[in-house]
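User: I would like to go through this model by question and answer, with the criteria behind each term spelled out.

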Amino acid sequence: MNKTKWILIFLIFMLVSTSCGTPAKKPMQSTKEKTMIPKIPDKISRGYNKEPVLKVYITQTGKIETMPLEQYVMGTVAGEIKNNWPMEALKAQAILARSYVLNFVDNEKSKYTNADISTDFEEAQAWNPSNINSNIKKAVNDTRGLVAVYDGKYIEAWFHSDAAGRTALAKEGLNYKKSEPPYTESVKSDDIKVAPPNIRNWSYTFTKQEVLSALNKMGIEISDFKTVKIGAKGISGRTVLLNFDKIPVNAPDFRIAIGSEKMKSTMLDSVKYDGNNLTIKGRGFGHGVGMSQWGAYQMAKNGAKASDIIMHYFKNINIVKLWD
């Protein structure tokens with residue numbers, strides 16, 4: 001075979017190779033969807049990109065005060081978290097506090113006539129303006145207008161003191177009546193070692209009459225019981241049902257009825273009833289849903305940003321800015 005034939009064979013091979021190879025990739029199209037921004041509720045709105053104004057019932061004075069939303073948030077952050085904690089933990093609390101009030105105004109109605117919300121912690125969030133210091137001011141100012149949203153709506157911005165190592169779903173920790181929100185999840189929380197000893201492990205003894213009063217308060221009309229046992233547990237390990245003899249009682253509801261400061265959580269280790277007194281031992285403080293404040297404290301200590309903290313405790317949400 002002469003040189004000309006070899007060249008011809010080589011050119012044919014190259015032509016076949018290039019025509020049968022993998023097609024060139026098309027330019028990648030972005031799959032990132034545009035975040036839907038919720039509307040500021042009409043009754044508190046002052047217009048696009050403007051800070052809303054709230055009518056707040058002040059339980060301490062019994063009067064309604066009109067104030068900018070950021071001023072209300074400052075008082076709630078000061079009421080819900082220690083003002084000397086790491087800055088990113090304070091910022092995370094501020095974003096959730098702002099989200100909480102907007103969701104409340106959008107979907108709830110204050111029990112105080114003509115008020116948008118109140119400083120009654122049983123209705124909304126704790127509020128303590130006397131605890132506002134330079135740290136609180138900076139955390140609120142640096143996150144001004146930022147809120148957490150999912151699918152164009154404000155999230156239920158749940159938080160609690162200490163998760164005892166793992167957070168709960170809403171139905172598990174709160175006996176939430178609606179469908180489980182798509183952004184809640186049960187995640188590990190690095191709060192076991194940093195919380196105070198009386199939160200890490202706690203115990204409280206209730207009299208039989210206190211227990212009966214709590215059950216009656218829940219609408220459970222029983223006059224006596226002989227045994228109390230831990231029943232069903234949820235995904236995080238929290239007790240969902242307590243069995244009084246053969247009567248199942250929702251544990252989160254029982255906790256509220258008997259006193260949430262005494263029965264600090266439903267992450268229970270044991271219940272012992274001797275016929276006169278019921279002793280409950282457990283771990284953690286609060287319902288366990290959403291952000292653990294002590295977990296946020298530790299994450300901030302480890303260098304996490306406020307957005308990292310919130311994204312850890314809520315999934316598939318966005319943090320957006322509604323006003324400058």
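Predicted model: local features only at pLDDT ≥ 70, side-chain atom pairs only at ≥ 80, totals over all residues.

User: At roughly what angle do the axes of α7 and α8 cross?

Analyst: Helices are DSSP runs of H or I with at least four residues, strands are runs of E with at least two, and both are numbered from the N terminus. Axes are lines fitted to C-alpha atoms, for helices over the stretch in contact, and angles run from 0 to 180 degrees between N-to-C directions. On that basis the axes of α7 (residues 208–217) and α8 (residues 251–258) come within 9 Å and cross at roughly 115 degrees.

User: Which residues of α8 make the contact with α7?

Analyst: Contact means heavy atoms within 4.5 Å. From α7 the contact draws on Glu 210, Val 211, Ala 214, Leu 215 and Lys 217, and from α8 on Phe 254, Ala 257 and Ile 258.

User: Why is α9 described as largely enclosed, and how many of its residues are buried?

Analyst: Its buried residues include Trp 294, Tyr 297 and Met 299, and what covers the buried residues includes α2, α3, β6, α6, β13 and α10. Helix α9 (residues 293–301) is largely enclosed by the rest of the structure because the number of its residues that are buried is 8 of the 9.

User: What is the angle between the ring planes of Tyr 204 and Phe 206?

Analyst: Rings of Phe, Tyr and Trp (its six-membered ring) pair if their centres lie within 6.5 Å, with planes under 30 degrees apart counted as stacked, over 60 as edge-to-face and the rest as tilted. By this rule the count comes to 11 aromatic pairs. Tyr 204 is partly exposed at 29% relative accessibility, whereas Phe 206 is buried at 1%. Their pair is tilted, with 4.7 Å centre to centre and an angle between the planes of 40 degrees.

User: Over the face of which ring does Lys 208 lie?

Analyst: A charge sits over a ring if NZ of Lys or CZ of Arg is within 6 Å of the ring centre and within 35 degrees of the ring normal. One such case is the charged end of Lys 264, 5.7 Å from the centre of the Phe 285 ring. Phe 225, Phe 244, Phe 254 and Tyr 273 form one aromatic cluster. Lys 208 lies at 5.9 Å from a ring centre, over the face of Phe 225.

User: Is Asn 175, with its positive phi near 50 degrees, buried or exposed?

Analyst: Asn 114, in the loop between α3 and β3, has a positive phi near 70 degrees and counts as exposed at 63% relative accessibility. Asn 175 is found in the loop between α5 and α6, and with a relative accessible area of 17% Asn 175 is buried.

Notes:
Residues numbered from 1 in each chain as written. Heavy atoms only, no water. Buried < 20%, exposed > 50% of the residue type's maximum accessible area, 1.4 Å probe, protein only.
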